[in-house]
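Look at the model below.

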Amino acid sequence: MKDFKSVVFSGGGSRCMWQVGFWQSVSPELKLKPEIVAGVSAGAAMAGMIMAGTAETGLTLIKEATAANKKNFYISNFLKKEPVFPHYEIYRNTVLKTMDAGALKRFKKGPEIRVLFANPPAYLGALSGTFVGLMSYVIEKHTMHPVHPKMASKLGYKPTVVKLNECSSAEDIADVIMCSSCTPPFLPIMRYNGKISLDGGIIDNVPVSAIGEDEKKGKMLVLMSRIHRADRIPQTSNRLYLQPSSTPEISKWDYTNPAGLQAAYDLGRKDGDNFVKQYRRGDFKK
């Protein structure tokens, strides 16, 4: 189906497994073939696995890893000089294991996959840039509840967009996704081409901005990971924003809950099945 020229995957950590379930239900039924895909943070990881054809493998791997992980915070590791948070290793290893040679070949043949991350302004250092950026996002999120945050951009944070299709190895892909997901202290401060790179959600957690002028090519399908009030969602003729029918039963950085991951995926499958019925009825025609 050529109705949607572009698809956007929002950030949202473990809740983004909803996007995978939704896509797995909708894509084969409606034969979705976007030309451009944009993702940020965990949404970028989901987009990458989906377009690589390894989404089901990714779900299995992350469930196995989180089943084996007992805590999200290992305070005793302070004394051992080992990671206090297990997220980086689990996250990166999952991405690496889903990006085999076949996945890389499919990337070259598939849609352009754009990944967004944020760079702090020059007047801030590594620690201050991280702190100010994350705090601006949290404050705006809990006070204004925007779909597309603006505060960090006003403070001077700049976007970087990298195309996964141009990565030459699984390690390169993992580096890009980790940069887009960089949310200390869960993940360490990351650098890309020498620049400090933070979670792109600081600039746009629903990264339609990464589509840019290419939005003019046709309709955009926007997959969110949490529920927004209807009056907060932009109303445009070119975009179709979709969100879970209920809050996924897992928090963003919970890496101890394989059942929650499966529940988020299953909710996506159910919502996807309902969407297909509604779309075929013409409920979304304007």
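## Aromatic pairs

Searching the whole structure gives 13 aromatic pairs. Rings of Phe, Tyr and Trp (its six-membered ring) pair if their centres lie within 6.5 Å; planes under 30 degrees apart count as stacked, over 60 as edge-to-face and the rest as tilted. Phe85 and Phe186 are edge-to-face, because their ring centres are 5.3 Å apart and their planes meet at 70°. Phe85 sits in the loop between α4 (77-80) and α5 (87-98), and Phe186 in the loop between α9 (170-180) and β5 (190-192), so the pair ties together parts 101 residues apart in sequence. Helices (H or I, at least four residues) and strands (E, at least two) are DSSP runs, numbered from the N terminus.

Phe186 also pairs with Trp253, and this pair is stacked: 4.9 Å centre to centre, 5° between the planes. Trp253 lies in the loop between β8 (239-242) and α11 (258-281), 67 residues from Phe186. Phe186 is partly exposed at 24% relative accessibility. Trp253 is buried at 13%. Buried means under 20% relative accessible area, exposed over 50%, partly exposed in between (1.4 Å probe, protein chains only).

One aromatic cluster is formed by Phe4, Trp18, Phe22, Phe275, Tyr279 and Phe284.

## Nonpolar core

The largest nonpolar core holds 72 residues. Such a core is a set of buried Ala, Val, Leu, Ile, Met, Phe, Trp, Tyr and Cys residues joined through side-chain atoms within 4.5 Å. Helix α2 (residues 42-52) gives the most to this core: nine residues. Tyr91, Met99, Phe107, Leu164, Ile173 and Leu223 have the most contacts inside the core.

What does Leu223 touch, leaving aside neighbours within four places in sequence? Its contacts (heavy atoms within 4.5 Å) include Val7, Phe9, Trp18, Phe22 and Leu242. A second, separate core has 13 residues, among them Ile36, Val147, Val206 and Val222. In soluble globular proteins, nonpolar side chains tend to be buried together.

## An exposed residue

Phe78 lies in helix α4. Phe78 counts as exposed, because its relative accessibility is 55%.

## About the model

This is a predicted model: local features need pLDDT of at least 70, side-chain atom pairs count only at pLDDT 80 or more, and totals for chains, interfaces and linings use all residues. Residues are numbered from 1 along each chain as its sequence is written, and side-chain values use heavy atoms, leaving out hydrogens and water.
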